[in-house]
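Here are my notes on this model, in numbered points. They cover the domains, the contact between them, and a few side-chain pairs.

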Number of protein chains: 2
Amino acid sequence: MGTTQLESVPEPKYWHLKTVLSEALDSEFSVGEILPNERDLAARFGVARATLRQALEQLELEGRLQRRRGVGTTVAPPRVGVAVGTEQQAWPGGAGDVWQAVDCTPAAPPAAVAAALETGPDDTVYTVRRSRVSQGQPVAAELLYVPESSVPELSAIDAPSGPARARAVLRELQRLELEGRDSAVELGSARADDARELDRLPGAPVLVVTTRFLADGRTAALSVATYRADTCRLTFGDSGGVEIHQGPERQAS
Amino acid sequence: MGTTQLESVPEPKYWHLKTVLSEALDSEFSVGEILPNERDLAARFGVARATLRQALEQLELEGRLQRRRGVGTTVAPPRVGVAVGTEQQAWPGGAGDVWQAVDCTPAAPPAAVAAALETGPDDTVYTVRRSRVSQGQPVAAELLYVPESSVPELSAIDAPSGPARARAVLRELQRLELEGRDSAVELGSARADDARELDRLPGAPVLVVTTRFLADGRTAALSVATYRADTCRLTFGDSGGVEIHQGPERQAS
């Protein structure tokens, strides 16, 4: 790394430092390498520790760095493109579905979910928990809410609890004709249970994808999927991932 | 707000505090209202200021709070659903396009963009800057990269600089037959110029949507759009927005 002194730069110091650090990551470090400690880095660039920390936070937001307890700050690999099929007009659990069913519980859903599903307080809603792994890493956790009215014959099925029950719910869902689906993506923070599953701390930034499945003129199921924002790039469309990152070249433009 | 003491709770304190605060926001505060200062809030919940700040940061990530310099911390309105049309197979600037052309400069694009466009170092690439406003608020800033080879007749057009030139580029683009488009969404931090346009500080969390437009068997244009992550929910699909938020009910599930 250079020894650029940043004292005289008019833009926010942490911002300029971030650009300089980002270039250093490209030229001097390889993926997975551990960065020098904060004190050494701050000294090297002639900035206060607080400024350094702000710059490191930025780089973490952008997916360039990973900070892990007990390991330190490492250079992150490029984000993984994870397809979020809006065009694929299929029910969850159909052929080619990449999600793994983990569990299924009948429980009162959160109020916002109940409102979207138009279920009453006494209606049973199955909550299917699923997880998604990409390249050996957990990338997303999903809660799929299915009102009993969407799977009326489920009660006749002698499905045990756990994954088998979850798969039974998904199988029953296929009986309905899917009329459409729409999704929304927003920034969120990982709940404690999702964080555990995603190997993150509670509150880590996540991308929350909410998908509504429409059948019989109503919302027949609702999925709330939580993707790791540090490692994932969500891809939409038919021709695969987009290989553009918000890398240092973009920052310097 | 209650006076719950949080000292004895086993989960991370800021996490529990966040849930408590979130419930208080629902029951006691209205949108736009200014929260009490940090010292008073910390005292009320019996937590250290650092813990309180962590909880406030979480709520900001989730779009529940807004922190603005000179104003303080206010209760945020619900996020605005902003349609990001993956299904709408149209060029930028076509009928119904909600973006406003701001400027157009011929410049060497960032290296990652040049690689995606397969342009050489001496090829001209037009950078069209556009902005998007929703409900009177700036919600997104876009850089649309168009190589000269995609708009070969542009040089014959006597377009002045600025928005008129930008519109000329978009008009020329319509001559190509669009074969497909795909998009990716990822978390990023606002560059200084985007931040200014979006009325945010540099480094604020943003959702970066990269869209590739395909024509003549190659990438004919590339858009990098930066959406405010605090106020936007990006919607995909044909039936409008999804009215589910990652609200406190979800947190408590």
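1. Domain layout. Chain A splits into domain 1 (13–75) and domain 2 (80–235). Note that this is a predicted model. Taken over C-alpha atoms, the centres of domain 1 and domain 2 of chain A are separated by 36 Å. Four residues from domain 1 of chain A and five residues from domain 2 of chain A make up the contact.

2. Buried area. The size of an interface is often given as the accessible area lost when the parts come together. Between domain 1 and domain 2 of chain A, about 340 Å² is buried. Carbon and sulfur atoms give 46% of that area. On the side of domain 1 of chain A that touches domain 2 of chain A, there are two polar and two charged residues, and no nonpolar ones.

3. Salt bridges overall. Over all chains, the structure holds 36 salt bridges. One of the pairs is Arg129(A) with Asp194(A), whose closest N and O atoms are 3.2 Å apart. Arg129(A) sits in strand 5 (residues 125–134) of chain A and Asp194(A) in helix 6 (residues 192–198) of chain A, so this pair ties together parts 65 residues apart in sequence.

4. Aromatic pairs. A search of the whole structure gives five aromatic pairs over all chains. Why is the pair Trp91(A) and Phe213(A) stacked? The ring centres are 5.8 Å apart and the planes are at 25°, and planes under 30 degrees apart count as stacked. Trp91(A) is in the loop between strand 3 (80–83) and strand 4 (100–106) of chain A, and Phe213(A) is in strand 8 (residues 205–215) of chain A, so the pair ties together parts that are 122 residues apart in sequence.

Technical notes: Residues are numbered from 1 along each chain as its sequence is written. Chains are lettered from A and ligands numbered from 1 in the order in which they are written. This is a predicted model: local features need pLDDT of at least 70, side-chain atom pairs count only at pLDDT 80 or more; totals for chains, interfaces and linings use all residues. Side-chain values use heavy atoms; hydrogens and water are left out. Domain bounds come from an automatic or database domain assignment. Contact means heavy atoms within 4.5 Å. Buried area is the accessible area (1.4 Å probe) that two parts lose on being put together, summed over both. Ala, Val, Leu, Ile, Met, Phe, Trp, Tyr, Cys and Pro count as nonpolar, Asp, Glu, Lys and Arg as charged, and the others, Gly among them, as polar. Rings of Phe, Tyr and Trp (its six-membered ring) pair if their centres lie within 6.5 Å; planes under 30 degrees apart count as stacked, over 60 as edge-to-face and the rest as tilted. Helices (H or I, at least four residues) and strands (E, at least two) are DSSP runs, numbered from the N terminus. A salt bridge is a side-chain nitrogen of Lys or Arg within 4 Å of a carboxyl oxygen of Asp or Glu.
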